[in-house]
Amino acid sequence: MSVLVFADSSEGKFKKTAYEVVSYGKKIAEQLGTNIVALTINGGDASELYTYGAETVVAVKNDLASCDAKAYASIIEQVAQSKEATVVVIDSSIDGLTIAPLVSVKLNAGYASNVVALPSSVSPFVVKRKAFSNKGFNNTEIATEVKVVGVAKNSYGVHENVVSGTVESFDATLPALGVKSAEVNKASGKVSIADADIVVSGGRGLKGPENWGIIEELAAVLGAATACSKPVSDLGWRPHGEHVGQTGKPVASNLYIAIGISGAIQHLAGVNASKVKVVINNDPEAPFFKAADYGIVGDAFEVVPQLIEKLKEFKQA
């Protein structure tokens, strides 16, 4: 019996979500009186996971160029069975939301996604989840013998719990893959939206792609990722990879700054999980003001440069 945690990585480095799910899995293991096992696939230095409580790290190496949900689900299933895992913890990123249902089917396990807290009870096993596009919560009981839990980003946090761990290799059998990646193109030198603690996002209020410099400059000062609303990506001002919202990439950052974005319901639904939301817009009736924690009514071309200068002064002080 164990708790298995999938610690996701990219280009040989663990993502922040990996540390969060290991922290989460460690506490569930303590609740159940069992041990935690962290699984890495082409991951980084396994000893990094010891800091967050991973007593055993199972390292799987393969030649997959990118995340293949079918292959990853098969590997997780094999390791879960070998370690007699009764709980499998995966993040609720885009990849995690694709992999976890496949794992659930393979293990005949109940699955709860977007979980925001530790189980309120382990017998029965009850978890709190986000619902209604992050506008509410529900308590879900997973009654199957094996449970799959998808942890929402930035919901539990990263908690150090240093242990002396061990690394084990595992030879997984990959299934026949129906899809092959011919090429993977990633933006370099920028903070990714998925890993960012701060996201600076722009909308049609910026009037054109030639004005995007203020978004990038503010993001650079804050160490933030840049994003945009759907109309901006549809117009070709910014790449579709930067489109955030319910129909784009979901955002659960610690700080989300919306500049020139009115706040369509689909956009708000996709960024509502962010802990602090700030809006800058010259329309005081913009819907985003009702959802924001802080708002500035003003011209972005006047407000943002002043904000950049004040932040630079603050950082130099």
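Biologist: Are Tyr256 and Phe288 buried or exposed?
Modeller: Both Tyr256 and Phe288 are buried in this predicted model.

Biologist: OK, switching to confidence. What's the mean pLDDT of the protein?
Modeller: The mean is 92, with 97% of the residues at 70 or more.

Biologist: Now helix 3. How many of its residues are buried?
Modeller: 11 of the 14, so the helix is mostly covered. Tyr72, Ile75 and Val79 are among them.

Biologist: And what covers those buried residues?
Modeller: The cover includes strand 1, strand 4, strand 5, strand 6 and helix 4.

Biologist: What caps the N-terminal end of helix 3?
Modeller: Asp68 does, with a side-chain oxygen 3.1 Å from the backbone nitrogen of Lys70. Just after the helix, Glu84 takes a positive phi of about 50°.

Biologist: Rings next. How many aromatic pairs are there?
Modeller: The count comes to 5. Phe6 and Tyr72 make an edge-to-face pair, 5.9 Å centre to centre with 85° between the planes. Phe6 sits in strand 1 and Tyr72 in helix 3, so this pair ties together parts 66 residues apart in sequence.

Biologist: Why does Tyr72 count as buried?
Modeller: Because its relative accessibility is 6%, and buried means under 20%. Phe6 is buried too, at 4%.

Biologist: Last one: which residue lies over the face of Phe137?
Modeller: Lys128, at 4.4 Å from the ring centre.

Methods:
Residues are numbered from 1 along each chain as its sequence is written. This is a predicted model: local features need pLDDT of at least 70, side-chain atom pairs count only at pLDDT 80 or more; totals for chains, interfaces and linings use all residues. Side-chain values use heavy atoms; hydrogens and water are left out. pLDDT is the predictor's confidence in each residue, from 0 to 100. Buried means under 20% relative accessible area, exposed over 50%, partly exposed in between (1.4 Å probe, protein chains only). Helices (H or I, at least four residues) and strands (E, at least two) are DSSP runs, numbered from the N terminus. Contact means heavy atoms within 4.5 Å. A polar contact is a pair of N or O atoms within 3.5 Å; within protein, one must be able to donate a hydrogen and the other to accept it, and residues adjacent in sequence count only if both atoms are side-chain atoms. Rings of Phe, Tyr and Trp (its six-membered ring) pair if their centres lie within 6.5 Å; planes under 30 degrees apart count as stacked, over 60 as edge-to-face and the rest as tilted. A charge sits over a ring if NZ of Lys or CZ of Arg is within 6 Å of the ring centre and within 35 degrees of the ring normal.
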